[in-house]
Amino acid sequence: MSVRVRDPLGRPPALLMLPAAVAVLLLVVPLVAMVAATDLRGLPEQLRSEPLREALWLSVLTSTVATLFCLLLGLPLAWVLARLQFRGRTLLRALVTVPLVLPPVVAGVALRTAFGRTGVLGEPLLELTGFSFPFTTWGVVLAHVFVALPFVVLAIEGAFRSADPEYDAAAATLGASRWTAFRRVTVPLALPGIAAGLVLGWARSLGEFGATITFNGNYPGVTQTMPNLIYVTRQSDQDAALALSLVMLVVSVGTLLVLHDRWLGTPGVRA
Amino acid sequence: MTAGLEVDLHVPDRVAATFGAEPGSVLAIIGPNGAGKSTLVRALAGLLAADGHARLDGQDLLQLSARDREVGLVFQGQLLFPHLSALDNVAFGPRARGVARADAEHAAHQWLARLGIGDLAGRRPRELSGGQAQRVAIARALVTDPRLLLLDEPFTGLDVKVAMALRIELGRHLAAYDGVTLLVTHHAIDALTIADRVLVLDEGRVAQIGTPEEVSQRPRTEHVARLVGLNVVRDEHTLTAFTPEAVALSLTEPTGSPRLRWRGPVADVSPHGDAVRVLVHASPDLIADVTPAAAAELGLVPGREVWLSVKQTAVRRYATDPGLPGTVAP
């Protein structure tokens, strides 16, 4: 961050520069401190530990599957919100947004009420199929989808909105059905935004902790994702928790880089 | 079944127009900005709801969805799909209608070649110049073999030379096209060079419809007159038309017929070719073309009171015809 000495508009006010600097420190110091405190020599051994590999694999697997569901369900919903005019659209968008601001623990409780063994959906499901979501890997996926879907829907809706609907009109005059226009025009135009939304959703589910542990407990190999593992390890082994956190930090920063590339590496395709 | 286009269409608060067009003919739709030209086109293409009917070869388009109308629309600003090559843009229509990829691309290639841009097939729209992009847009509309071709301001935004070349070429293609063409434009030159008939739209209504000669020689309204670069003065049952070059400006009251003399303040002075075009707020507004020397000598600045006069021999008088074909009863 370089501030030119002779800014033609005058010196940047200290009242803005000081809080800005504090904000930067606040965001950076904890991460630097964490990296500094980690015993890097012990790291390879930590990485070989069975619980870590299990939890990391489970995290990546459930987040990826959850992102897939977000795509399958979120893309159509985003299209509905972006392209259809109907009464109650504002209300629908508000409902979609609620999980975004909901405390994750509350999300877990809500999921339990709906999909638990005695839940409104969980009970008939159990009677019909003998399957129940809580305390299973699918339960983890469900919790992830619940918290990540709003991010994905809103991001993709934004991408659809910035793809000019006039292109849909052009496609229609050329004889394209709405489905053809969606597939061959709207989606390709919104692709960078769709990719960004999915990466965002993936990152959100990777870090998901509250809803997952409330809904599914913390069973190694089944429902114990990385955040869960870090939480329990932290209570017994500080160093191991640091090492695990570092792994998550690397994965998160990697995600951010991908996101950055998607957003800035692909300039708007509109001519 | 009547061949051609027969329209009696109403878009609330925007357009109410009745007109027809023969198969193989080009009908130019001219009018000032906001006259409802684009609204009319979008209603015919099915992108905007409209009441009434628009029968094409006997079939009412307004009963069909946009995709079933088989209408070719060249949008203002082209609206080529930015993620597709020129070839894929042109092949899009046939592909959407179920033509096999190879056949669609073959047809697209032929149309690009016919419009002289066969070598640009692989380019994306952002790699094309304005004129090239407009050719792709025209090819994209024509490749679907539409029964009605709608061209919405096809020359807007192109530089003068490119627009002129495209105008000539488009005229050639339209002469060979057996469907109905509606050409929306706000340049009188398009109407006069390409069209068989001209429809003047003003405030959503048909102000005049006729051959280019009729419209340019005998404009029915001041708006039409202005579009074709003429002055027209209404006098109960007659209209008097004359060119801006025929108008003489003076600071003192000129001699001659009092009916061909007006007085008012200069409203605007702008260059027009080698001359200076002067707009005077007389009743009605009149335009005069004078030499730059004369403009300087008379001190023509906005607000200056001047006299305008025109010789008896330089005007054309004709009856205002109340029973105009094609006008709409409100």
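Colleague: Into which domains is chain B divided in this model?

Modeller: In this predicted model, chain B falls into domain 1, residues 5–217, and domain 2, residues 232–319. The centres of these two domains of chain B, taken over C-alpha atoms, are separated by 38 Å.

Colleague: What lies between domain 1 and domain 2 of chain B?

Modeller: A nonpolar core is read as a set of buried nonpolar residues joined through C-beta atoms within 7 Å. Here the largest such core has 150 residues, and those with the most contacts inside it include Val152(A), Ile156(A), Ala28(B), Ile29(B) and Leu199(B). Helix 7 of chain A, residues 137–162, gives the most to this core, with 16 residues. Because domain 1 and domain 2 of chain B both give residues to this core, it lies between them.

Colleague: With which residues is Ile29(B) in contact, leaving aside its neighbours within four places in sequence?

Modeller: The partners of Ile29(B) on that basis are Lys37(B), Leu40(B), Leu182(B), Leu183(B), Val184(B), Leu199(B) and Leu201(B). A second, separate core has 10 residues, among them Leu58(A), Leu229(A), Ala240(A) and Ala243(A).

Colleague: How many residues does each chain bring to the contact between chain A and chain B?

Modeller: The size of an interface is often given as the accessible area lost when the parts come together. Counted in residues, the contact here takes 18 from chain A and 18 from chain B. On the side of chain A that touches chain B, helix 8 (166–173) and helix 9 (178–207) each supply at least two residues, and helix 8 of chain A gives the most, with seven. That side of chain A divides into 12 nonpolar, four polar and two charged residues.

Methods. Residues numbered from 1 in each chain as written. Chains lettered and ligands numbered in written order. Predicted model: local features only at pLDDT ≥ 70, side-chain atom pairs only at ≥ 80, totals over all residues. Contact = placed C-beta atoms within 7 Å. Helix = DSSP H or I, 4+ residues; strand = E, 2+ residues; numbered from the N terminus. Nonpolar A, V, L, I, M, F, W, Y, C, P; charged D, E, K, R; others polar. Buried ≥ 20, exposed ≤ 12 C-beta atoms within 10 Å, placed from the backbone. Domains from an automatic or database assignment.
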